[in-house]
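Subject: The two-chain model, with notes

Hi,

Here is the structure I promised to send over. Have a look at it first, and then read on for what turned up.

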There are 2 protein chains.
Amino acid sequence: MEKWKRSARLVDMTHQLLNVPYQLIPLTAFAKRYHAAKSSISEDLTIIQEVLHAEQSGQLETMAGASGGVRYMPGIGVVETKEVLERLCKRLTDPERILPGGFLFMSDLLGDPVLLHSLGRIWAKIFSHSKIDVIVTVETKGIPLAYAAAFHLRKPVVIVRYDTTVTEGSVVTVNTVSGSSGRMKQLSLARRSLAKGSRVLVIDDYMKAGGTARGMIELLREFEAEVVGVGVMVDSIVPEKLVDNYVSLTTVTEVDEKEKRIHTTIGNLFDQGAYS
Amino acid sequence: MEKWKRSARLVDMTHQLLNVPYQLIPLTAFAKRYHAAKSSISEDLTIIQEVLHAEQSGQLETMAGASGGVRYMPGIGVVETKEVLERLCKRLTDPERILPGGFLFMSDLLGDPVLLHSLGRIWAKIFSHSKIDVIVTVETKGIPLAYAAAFHLRKPVVIVRYDTTVTEGSVVTVNTVSGSSGRMKQLSLARRSLAKGSRVLVIDDYMKAGGTARGMIELLREFEAEVVGVGVMVDSIVPEKLVDNYVSLTTVTEVDEKEKRIHTTIGNLFDQGAYS
């Protein structure tokens, strides 16, 4: 555009800010783009901040100084979070999900970009103060959830593999027992994938006993990483978990294979203080 | 908010629309939310459309009638597309990427949420008229790219697996030879993952000979699916490909393992008519 009215500027600024969560945009960049005074830009930002705040859909953070600017930090309110998770709980109770052995078919949920986008906003809200360097998940089903969180936290994703492939370079491997299958599994991560001492958020789709999560934590210890959080989309109420602290978005309280019945409830996320 | 000024309304509408690409929002929903006349809403939408159009960052599509409404269709202009891909080309030429055998380390790129978000907008632009039902990729590295496309096309993702696991139910399997490793591989897809006759966009990270892509097409034939497009982030200029039509975003023209040299160029996407 050549001439920017305030109304057009507000639309474009909202677009620009929401497109790059957590990225600092200098006020001078906006002033230049819109041929406007910094004071006008500040007024526009106040309007945007008021709307985001009123709708509990995130906030703008302004940083003063020469290297300063403004950035959008995504958020989601309690009411919207509960709506999203109640819908997810309801979808999880579809008896058609029950697979032999009492496992649940969840690939359709993990393929739903709208659900994932909402869950990403929830992860970003829960872990917004955790100073994360990188999000780590394990192939295959954890990957979409990790990326959903990554977009809203603007952090890179690193994927732990079950097999080592030629295209990864040298790798570190640990052995672990999967809680859901009871089978021995190897978890591998390319040496160059993760810098030593990184602060890591672990994201996965499902936690039964927590064997995979514990294996991931062991593997990350080899990289001297600090695990600042563990989050899963679904956990089960039994058995007792092998990891101490984790956040679940939903909990499966009962799977009755014979009666074709699944009971679910919202997970432990509201006990974690992120929403208080 | 209780009272919505036009400026606040514009910010919130932009936010609402951009959050759900391709989803139709009824004008009555906006009118109710903002306690405003439909005519005012229409004026607001005109302003948003003008900005998106001027900045080539997508468009609003308005549908008339009782079931009508407005939806945001993401887009990206030629200039921004070239900027994104030239930056990607440059990152690909880092000689540190060369792994034994002339393979390239790309996990860092596939873990970068900002790059992925941009590539997703490019896929959405290229395939915006392809009437896609579902996006199919193969584990593990194609997954983030598929989700990036999925968010902007608002279509579900289905993941083809190299192994069959207990949590998927009954599966269909084909044998294929990987062009990059020369090894025989099995590709598997759960029967319930994909409805018969689906229109499929295949997305993957890398195409060398195209063996995996051809295997995917064979597998999809078992589901009577129609492959309406194949897209890869990177292809190599040699060898000749086993699939006829595909879109590449970047092309590796030379990998000299001894001299530690990589040459890249923008892929064939501009030959495909999507940007004309």
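How many salt bridges are there between domain 1 of chain A and domain 2 of chain A? The count is zero, where a salt bridge is a side-chain nitrogen of Lys or Arg within 4 Å of a carboxyl oxygen of Asp or Glu.

Some ground rules before the rest. This is a predicted model, in which local features need pLDDT of at least 70 and side-chain atom pairs count only at pLDDT 80 or more, while totals for chains, interfaces and linings use all residues. Residues are numbered from 1 along each chain as its sequence is written, chains are lettered from A and ligands numbered from 1 in the order in which they are written, and side-chain values use heavy atoms, with hydrogens and water left out.

**The two domains of chain A**

Nine residues of domain 1 of chain A touch seven residues of domain 2 of chain A, contact meaning heavy atoms within 4.5 Å. Between them the two domains bury about 710 Å², 51% of it on carbon and sulfur atoms; buried area is the accessible area (1.4 Å probe) that two parts lose on being put together, summed over both. A:Pro21, A:Tyr22 and A:Pro74 supply 61% of the area that domain 1 of chain A buries against domain 2 of chain A, more than any other three residues. Across this interface there is one residue pair in polar contact, both at pLDDT 80 or more. A polar contact is a pair of N or O atoms within 3.5 Å; within protein, one must be able to donate a hydrogen and the other to accept it, and residues adjacent in sequence count only if both atoms are side-chain atoms.

**Where the chains meet**

The contact between the chains takes 55 residues from chain B and 55 residues from chain A. Together the chains bury about 4700 Å², 65% of it on carbon and sulfur atoms. On the chain B side, B:Val11, B:His15 and B:Arg192 lose the most area to chain A, together 13% of what that side buries. Two salt bridges are counted between the chains, and A:Glu55 and B:Arg33 meet in a salt bridge through their side chains (2.8 Å, N to O). There are also 12 residue pairs in polar contact between chain B and chain A, both at pLDDT 80 or more. Of the side of chain B that touches chain A, H1(B) gives the largest share, nine residues. Helices (H or I, at least four residues) and strands (E, at least two) are DSSP runs, numbered from the N terminus.

Over all chains the count comes to 28 salt bridges. Within chain A, the side chains of A:Arg6 and A:Asp44 form a salt bridge (2.7 Å, N to O). A:Arg6 lies in helix H1 (residues 6-19) of chain A and A:Asp44 in helix H3 of chain A, so the pair ties together parts that are 38 residues apart in sequence.

**The sheets**

In chain A, six strands make an open sheet in the order E4-E3-E7-E8-E9-E10, with mixed pairing; two strands pair if DSSP finds at least two bridges between them. Strands E4 (157-160) and E10 (261-266) of chain A stand at the edges with a single partner strand each, so one side of each is left without a neighbour in the sheet. E3(A) and strand E7 (residues 199-207) of chain A pair in the parallel sense over three bridges, with A:Val202 in E7(A) as the bridge partner of A:Val136.

Chain B has an open sheet of six strands in the order E6-E5-E9-E10-E11-E12, also with mixed pairing. Strands E9 (residues 199-207) and E10 (residues 226-236) of chain B pair in the parallel sense over eight bridges, and B:Tyr206 stands opposite B:Val234 in E10(B).

**Backbone details to check**

Most residues other than glycine have a negative phi, and most peptide bonds are trans. A cis peptide bond joins A:Glu139 and A:Thr140, with omega about 0°; A:Thr140 lies in the loop between strand E3 (134-138) and helix H7 (142-153) of chain A. The bond from B:Val238 to B:Pro239 is cis too, with omega near -10°. A:Gln56 has a positive phi, near 50°, and lies in the loop between helix H3 (38-54) and strand E1 (59-63) of chain A.

Best wishes
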